[in-house]
Amino acid sequence: MTALPHPIADNKLISTLSGKKQDRPPIWLMRQAGRYLPEYREIRNKAASFLDFCYDPKLAVEATLQPIRRFGFDAAIIFSDILVIPDALGQDVRFEVGEGPRLNPIVTPPDLKMLKPRHDATRLGPVYEAIGLARSALGQETALIGFCGAPWTLATYMIAGKGTPDQAPARQFAYRFPDDFQALIDLLVEATTEHLSVQIQAGADAVQIFDSWAGVLPCGEFERWSLEPIARIAEAVKRRHPQTKLIGFPRAVGERLTEFAKIEALDAIGVDTSADRRWIGRSLDTSLPIQGNLDPLVLLAGGAALDRAIDNIVEDFSHRPHIFNLGHGILPPTPIAHVERLVARVRGEA
(Lines give C-alpha, C1' and ligand atoms only; values in the text may rest on other atoms or scores of the structure.)
Protein backbone atom coordinates (compact mmCIF):
# COMPACT_ATOMS: atom_id res chain seq x y z
CA MET A 1 0.00 0.00 0.00
CA THR A 2 1.40 3.38 -1.01
CA ALA A 3 1.34 6.20 1.51
CA LEU A 4 -1.33 8.79 0.81
CA PRO A 5 -0.49 12.50 0.53
CA HIS A 6 -1.36 14.63 3.53
CA PRO A 7 -3.47 17.55 2.25
CA ILE A 8 -4.14 19.00 5.72
CA ALA A 9 -0.61 20.11 6.59
CA ASP A 10 -2.05 23.48 7.70
CA ASN A 11 -4.67 21.93 9.97
CA LYS A 12 -4.63 23.46 13.44
CA LEU A 13 -3.87 20.16 15.19
CA ILE A 14 -1.15 19.15 12.74
CA SER A 15 0.36 22.63 12.98
CA THR A 16 0.45 22.33 16.76
CA LEU A 17 2.06 18.91 16.56
CA SER A 18 4.68 20.52 14.31
CA GLY A 19 5.59 22.83 17.19
CA LYS A 20 3.55 25.95 16.43
CA LYS A 21 1.82 27.59 19.39
CA GLN A 22 -1.75 28.66 18.63
CA ASP A 23 -3.75 31.61 19.97
CA ARG A 24 -6.29 29.06 21.19
CA PRO A 25 -5.39 25.37 21.39
CA PRO A 26 -6.95 22.79 19.07
CA ILE A 27 -9.25 20.35 20.83
CA TRP A 28 -10.32 16.73 20.58
CA LEU A 29 -11.27 14.27 23.33
CA MET A 30 -10.26 10.72 24.03
CA ARG A 31 -13.33 8.46 23.58
CA GLN A 32 -15.13 11.37 21.94
CA ALA A 33 -17.12 8.78 19.95
CA GLY A 34 -19.07 6.78 22.49
CA ARG A 35 -21.97 6.11 24.79
CA TYR A 36 -22.54 9.71 25.93
CA LEU A 37 -23.90 10.41 22.43
CA PRO A 38 -27.48 9.25 21.73
CA GLU A 39 -26.66 8.81 18.05
CA TYR A 40 -23.84 6.44 19.00
CA ARG A 41 -26.12 4.39 21.24
CA GLU A 42 -28.55 4.10 18.35
CA ILE A 43 -26.05 2.68 15.85
CA ARG A 44 -24.30 0.50 18.45
CA ASN A 45 -27.35 -1.75 18.42
CA LYS A 46 -26.75 -2.52 14.76
CA ALA A 47 -23.81 -4.84 15.54
CA ALA A 48 -24.00 -8.10 17.45
CA SER A 49 -20.84 -7.42 19.48
CA PHE A 50 -18.42 -4.60 20.14
CA LEU A 51 -15.73 -6.20 17.97
CA ASP A 52 -18.25 -6.66 15.17
CA PHE A 53 -18.96 -2.95 15.52
CA CYS A 54 -15.25 -2.10 15.25
CA TYR A 55 -14.85 -4.34 12.20
CA ASP A 56 -17.82 -2.87 10.32
CA PRO A 57 -16.29 -0.01 8.28
CA LYS A 58 -19.57 1.83 7.73
CA LEU A 59 -20.52 1.73 11.41
CA ALA A 60 -16.97 2.64 12.51
CA VAL A 61 -16.91 5.62 10.16
CA GLU A 62 -20.31 6.80 11.34
CA ALA A 63 -19.14 6.60 14.98
CA THR A 64 -15.95 8.48 14.05
CA LEU A 65 -17.85 11.30 12.36
CA GLN A 66 -20.65 11.77 14.90
CA PRO A 67 -18.71 13.93 17.39
CA ILE A 68 -17.27 15.99 14.53
CA ARG A 69 -20.74 16.79 13.24
CA ARG A 70 -21.98 17.68 16.71
CA PHE A 71 -19.01 19.57 18.20
CA GLY A 72 -16.63 20.42 15.33
CA PHE A 73 -13.53 19.05 17.07
CA ASP A 74 -10.22 19.76 15.37
CA ALA A 75 -9.53 16.04 15.01
CA ALA A 76 -11.42 12.81 14.63
CA ILE A 77 -10.01 9.59 16.02
CA ILE A 78 -10.90 6.43 14.18
CA PHE A 79 -13.41 4.30 16.03
CA SER A 80 -11.63 1.06 16.91
CA ASP A 81 -10.06 -0.59 19.96
CA ILE A 82 -6.54 -1.37 21.12
CA LEU A 83 -7.45 -5.06 21.51
CA VAL A 84 -7.79 -5.62 17.78
CA ILE A 85 -4.06 -6.50 17.93
CA PRO A 86 -4.45 -9.49 20.30
CA ASP A 87 -7.43 -10.50 18.19
CA ALA A 88 -5.30 -10.37 15.03
CA LEU A 89 -2.66 -12.46 16.81
CA GLY A 90 -5.21 -15.23 17.32
CA GLN A 91 -6.13 -14.69 20.95
CA ASP A 92 -9.83 -14.99 21.68
CA VAL A 93 -11.12 -11.48 22.46
CA ARG A 94 -14.67 -10.63 23.41
CA PHE A 95 -16.45 -7.83 25.25
CA GLU A 96 -18.93 -8.72 27.96
CA VAL A 97 -21.74 -6.24 28.56
CA GLY A 98 -21.13 -4.42 31.82
CA GLU A 99 -17.77 -6.13 32.39
CA GLY A 100 -15.48 -5.01 29.58
CA PRO A 101 -12.96 -7.04 27.58
CA ARG A 102 -12.39 -10.72 28.20
CA LEU A 103 -9.53 -12.69 26.63
CA ASN A 104 -8.29 -16.25 27.00
CA PRO A 105 -5.48 -15.51 29.51
CA ILE A 106 -1.82 -16.30 28.97
CA VAL A 107 -1.01 -17.82 32.36
CA THR A 108 2.26 -19.67 31.66
CA PRO A 109 4.80 -19.55 28.81
CA PRO A 110 3.27 -22.53 26.95
CA ASP A 111 0.09 -20.47 26.58
CA LEU A 112 2.00 -18.14 24.27
CA LYS A 113 1.70 -20.86 21.63
CA MET A 114 -1.94 -19.81 21.16
CA LEU A 115 -0.62 -16.71 19.41
CA LYS A 116 0.30 -16.55 15.77
CA PRO A 117 3.98 -15.78 14.97
CA ARG A 118 2.75 -12.76 13.03
CA HIS A 119 -0.52 -10.86 13.29
CA ASP A 120 -3.18 -11.43 10.65
CA ALA A 121 -3.27 -8.13 8.74
CA THR A 122 -6.34 -9.20 6.81
CA ARG A 123 -8.26 -9.36 10.09
CA LEU A 124 -7.53 -5.64 10.49
CA GLY A 125 -8.52 -4.77 6.93
CA PRO A 126 -11.87 -3.28 7.98
CA VAL A 127 -10.04 -0.84 10.29
CA TYR A 128 -7.93 0.43 7.40
CA GLU A 129 -10.97 0.62 5.13
CA ALA A 130 -12.74 2.72 7.76
CA ILE A 131 -9.78 5.08 7.96
CA GLY A 132 -9.82 5.63 4.20
CA LEU A 133 -13.56 6.28 4.22
CA ALA A 134 -13.33 8.62 7.20
CA ARG A 135 -10.48 10.61 5.70
CA SER A 136 -12.47 11.07 2.51
CA ALA A 137 -15.52 12.23 4.46
CA LEU A 138 -13.67 14.75 6.63
CA GLY A 139 -12.87 18.27 5.55
CA GLN A 140 -9.32 19.54 5.42
CA GLU A 141 -9.91 21.45 8.63
CA THR A 142 -10.24 18.18 10.56
CA ALA A 143 -7.30 15.85 11.18
CA LEU A 144 -7.78 12.08 11.43
CA ILE A 145 -5.95 10.23 14.20
CA GLY A 146 -5.13 6.52 14.18
CA PHE A 147 -3.92 4.68 17.27
CA CYS A 148 -2.67 1.55 18.94
CA GLY A 149 -2.12 0.25 22.45
CA ALA A 150 1.48 0.13 23.65
CA PRO A 151 2.97 -3.37 24.06
CA TRP A 152 2.95 -3.22 27.87
CA THR A 153 -0.71 -2.22 28.09
CA LEU A 154 -1.70 -4.85 25.51
CA ALA A 155 0.27 -7.49 27.41
CA THR A 156 -1.54 -6.68 30.66
CA TYR A 157 -4.88 -7.61 29.08
CA MET A 158 -3.46 -10.58 27.20
CA ILE A 159 -1.97 -12.16 30.33
CA ALA A 160 -4.72 -11.36 32.86
CA GLY A 161 -7.50 -11.96 30.35
CA LYS A 162 -9.17 -8.74 31.54
CA GLY A 163 -8.42 -5.40 33.09
CA THR A 164 -7.07 -5.49 36.65
CA PRO A 165 -6.44 -2.69 39.17
CA ASP A 166 -2.66 -3.06 39.47
CA GLN A 167 -1.82 -5.32 36.50
CA ALA A 168 -0.32 -7.86 38.91
CA PRO A 169 -0.69 -10.87 36.55
CA ALA A 170 1.44 -9.27 33.83
CA ARG A 171 3.96 -7.91 36.31
CA GLN A 172 4.40 -11.33 37.92
CA PHE A 173 4.67 -13.02 34.54
CA ALA A 174 7.43 -10.58 33.58
CA TYR A 175 9.32 -11.25 36.83
CA ARG A 176 9.00 -15.03 36.59
CA PHE A 177 9.49 -15.46 32.85
CA PRO A 178 11.41 -12.41 31.59
CA ASP A 179 12.61 -14.04 28.36
CA ASP A 180 9.13 -15.21 27.43
CA PHE A 181 7.67 -11.84 28.32
CA GLN A 182 10.30 -10.15 26.18
CA ALA A 183 9.30 -12.38 23.28
CA LEU A 184 5.68 -11.28 23.73
CA ILE A 185 6.70 -7.61 23.86
CA ASP A 186 8.80 -8.05 20.70
CA LEU A 187 5.85 -9.64 18.92
CA LEU A 188 3.65 -6.73 19.96
CA VAL A 189 6.24 -4.15 18.89
CA GLU A 190 6.28 -5.69 15.42
CA ALA A 191 2.49 -5.92 15.19
CA THR A 192 1.77 -2.40 16.46
CA THR A 193 4.47 -0.85 14.27
CA GLU A 194 2.86 -2.43 11.22
CA HIS A 195 -0.63 -1.51 12.42
CA LEU A 196 0.25 2.16 12.79
CA SER A 197 2.09 2.19 9.48
CA VAL A 198 -0.87 0.79 7.56
CA GLN A 199 -3.23 3.22 9.31
CA ILE A 200 -1.02 6.05 8.04
CA GLN A 201 -1.00 4.57 4.55
CA ALA A 202 -4.78 4.35 4.69
CA GLY A 203 -5.12 8.07 5.49
CA ALA A 204 -4.41 8.80 9.18
CA ASP A 205 -2.75 12.21 9.57
CA ALA A 206 -1.38 11.48 13.05
CA VAL A 207 -1.23 8.44 15.34
CA GLN A 208 -1.30 8.01 19.10
CA ILE A 209 0.26 5.25 21.19
CA PHE A 210 -1.74 4.58 24.36
CA ASP A 211 0.17 3.15 27.32
CA SER A 212 -2.68 3.29 29.79
CA TRP A 213 -0.93 1.16 32.43
CA ALA A 214 2.62 2.53 32.22
CA GLY A 215 2.28 4.14 35.65
CA VAL A 216 2.09 0.86 37.60
CA LEU A 217 5.63 -0.20 36.66
CA PRO A 218 8.67 0.23 38.95
CA CYS A 219 11.60 2.12 37.49
CA GLY A 220 13.61 -0.67 35.84
CA GLU A 221 10.54 -2.45 34.53
CA PHE A 222 9.15 0.88 33.30
CA GLU A 223 12.20 1.40 31.15
CA ARG A 224 12.24 -2.14 29.79
CA TRP A 225 8.54 -2.79 29.24
CA SER A 226 7.07 0.67 28.54
CA LEU A 227 9.67 3.22 27.50
CA GLU A 228 11.89 1.09 25.27
CA PRO A 229 9.13 -0.64 23.29
CA ILE A 230 7.36 2.66 22.62
CA ALA A 231 10.64 4.19 21.48
CA ARG A 232 11.17 1.25 19.10
CA ILE A 233 7.68 1.63 17.64
CA ALA A 234 7.91 5.41 17.28
CA GLU A 235 11.33 5.29 15.65
CA ALA A 236 10.29 2.57 13.20
CA VAL A 237 7.08 4.38 12.24
CA LYS A 238 8.94 7.67 11.85
CA ARG A 239 11.49 6.07 9.54
CA ARG A 240 8.69 4.86 7.30
CA HIS A 241 6.54 8.00 7.55
CA PRO A 242 8.75 10.94 8.52
CA GLN A 243 6.02 13.53 7.88
CA THR A 244 3.38 11.88 10.08
CA LYS A 245 2.96 13.15 13.62
CA LEU A 246 3.20 10.75 16.58
CA ILE A 247 1.69 11.30 20.03
CA GLY A 248 2.73 9.22 23.03
CA PHE A 249 0.31 8.89 25.94
CA PRO A 250 1.95 7.21 28.97
CA ARG A 251 -0.68 7.50 31.67
CA ALA A 252 0.20 8.20 35.31
CA VAL A 253 3.99 8.17 34.95
CA GLY A 254 4.60 11.44 36.80
CA GLU A 255 8.09 12.86 36.47
CA ARG A 256 9.09 9.97 34.23
CA LEU A 257 7.54 12.05 31.46
CA THR A 258 11.05 13.44 31.06
CA GLU A 259 12.13 10.04 29.70
CA PHE A 260 9.38 10.05 27.09
CA ALA A 261 10.33 13.60 26.14
CA LYS A 262 13.71 12.22 25.06
CA ILE A 263 12.14 9.99 22.39
CA GLU A 264 12.86 12.14 19.35
CA ALA A 265 10.39 10.27 17.16
CA LEU A 266 7.48 11.39 19.35
CA ASP A 267 6.14 14.78 18.31
CA ALA A 268 3.95 15.30 21.38
CA ILE A 269 3.28 13.85 24.81
CA GLY A 270 -0.21 13.30 26.17
CA VAL A 271 -0.55 13.86 29.91
CA ASP A 272 -3.15 12.43 32.27
CA THR A 273 -5.32 14.16 34.83
CA SER A 274 -2.79 13.78 37.65
CA ALA A 275 0.07 15.45 35.75
CA ASP A 276 1.50 18.55 37.44
CA ARG A 277 1.28 21.23 34.77
CA ARG A 278 3.61 23.61 36.61
CA TRP A 279 6.23 20.87 36.87
CA ILE A 280 5.81 20.24 33.13
CA GLY A 281 6.38 23.93 32.51
CA ARG A 282 9.62 23.83 34.48
CA SER A 283 10.90 20.45 33.34
CA LEU A 284 9.96 19.85 29.70
CA ASP A 285 11.22 21.94 26.81
CA THR A 286 8.60 24.54 25.94
CA SER A 287 8.95 23.62 22.27
CA LEU A 288 7.52 20.15 23.00
CA PRO A 289 3.78 19.99 22.28
CA ILE A 290 1.72 18.75 25.24
CA GLN A 291 -1.75 17.23 25.01
CA GLY A 292 -4.21 17.17 27.91
CA ASN A 293 -5.27 17.15 30.70
CA LEU A 294 -8.81 18.00 31.85
CA ASP A 295 -10.27 15.69 34.49
CA PRO A 296 -13.17 13.75 32.91
CA LEU A 297 -15.01 14.10 36.23
CA VAL A 298 -14.97 17.89 36.09
CA LEU A 299 -16.40 17.68 32.58
CA LEU A 300 -19.13 15.48 34.04
CA ALA A 301 -19.72 17.97 36.88
CA GLY A 302 -19.87 21.06 34.68
CA GLY A 303 -20.64 24.54 35.95
CA ALA A 304 -18.14 26.95 37.47
CA ALA A 305 -15.73 24.12 38.32
CA LEU A 306 -15.51 23.18 34.65
CA ASP A 307 -14.94 26.78 33.57
CA ARG A 308 -12.14 27.23 36.11
CA ALA A 309 -10.47 23.96 35.13
CA ILE A 310 -10.55 24.86 31.42
CA ASP A 311 -9.15 28.34 32.04
CA ASN A 312 -6.38 27.01 34.29
CA ILE A 313 -5.23 24.45 31.72
CA VAL A 314 -5.27 26.95 28.87
CA GLU A 315 -3.28 29.42 30.99
CA ASP A 316 -0.78 26.89 32.32
CA PHE A 317 0.04 25.64 28.82
CA SER A 318 -0.20 29.03 27.09
CA HIS A 319 3.58 29.29 26.76
CA ARG A 320 3.92 26.19 24.57
CA PRO A 321 2.19 24.26 21.74
CA HIS A 322 -0.82 22.68 23.42
CA ILE A 323 -3.65 20.37 22.34
CA PHE A 324 -6.62 20.53 24.67
CA ASN A 325 -7.85 17.07 25.67
CA LEU A 326 -8.97 15.07 28.66
CA GLY A 327 -6.58 13.32 31.01
CA HIS A 328 -8.40 10.09 30.14
CA GLY A 329 -11.53 9.07 28.22
CA ILE A 330 -14.85 10.88 28.38
CA LEU A 331 -17.30 9.28 30.81
CA PRO A 332 -20.57 7.85 29.43
CA PRO A 333 -22.89 9.93 31.70
CA THR A 334 -21.29 13.22 30.55
CA PRO A 335 -24.00 15.72 29.47
CA ILE A 336 -23.70 16.92 25.90
CA ALA A 337 -24.21 20.50 27.08
CA HIS A 338 -21.00 20.24 29.12
CA VAL A 339 -19.03 19.19 26.06
CA GLU A 340 -20.53 22.07 24.10
CA ARG A 341 -19.51 24.45 26.89
CA LEU A 342 -16.00 22.97 26.90
CA VAL A 343 -15.47 23.47 23.18
CA ALA A 344 -16.82 27.02 23.26
CA ARG A 345 -14.70 28.04 26.25
CA VAL A 346 -11.48 26.51 24.88
CA ARG A 347 -12.07 28.48 21.70
CA GLY A 348 -12.72 31.69 23.60
CA GLU A 349 -16.41 31.79 22.63
CA ALA A 350 -17.88 31.45 26.12
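**Figure 1. The largest nonpolar core holds 127 residues, and F181 and L294 touch the most other members.** A nonpolar core is a set of buried Ala, Val, Leu, Ile, Met, Phe, Trp, Tyr and Cys residues joined through side-chain atoms within 4.5 Å. Buried means under 20% relative accessible area (1.4 Å probe, protein chains only). Helix α9 (residues 178-202) gives this core its largest share, eleven residues. Helices here are DSSP runs of H or I, at least four residues, and strands are E runs of at least two, numbered from the N terminus. This is a predicted model: local features need pLDDT of at least 70, side-chain atom pairs count only at pLDDT 80 or more, and totals for chains, interfaces and linings use all residues. Residues are numbered from 1 along each chain, and side-chain values use heavy atoms, without hydrogens or water.

**Figure 2. L294 and its contacts (heavy atoms within 4.5 Å).** Leave out residues up to four places away in sequence. L294 then touches T273, L299, L306, A309, I310, I313, F324, N325, L326, G327 and L342.

**Figure 3. The lining of the largest pocket includes 23 nonpolar residues.** Ten polar and eight charged residues also line this pocket. Helix α2 gives the largest share of the lining, three residues.

**Figure 4. Residues 1-5 have pLDDT under 50.** pLDDT is the predictor's confidence in each residue, from 0 to 100. For residues 1-5, the model has nine contacts beyond four places in sequence. The protein averages a pLDDT of 96. At least 70 is the score of 97% of the residues.

Note on methods:
Buried < 20%, exposed > 50% of the residue type's maximum accessible area, 1.4 Å probe, protein only. Nonpolar A, V, L, I, M, F, W, Y, C, P; charged D, E, K, R; others polar.
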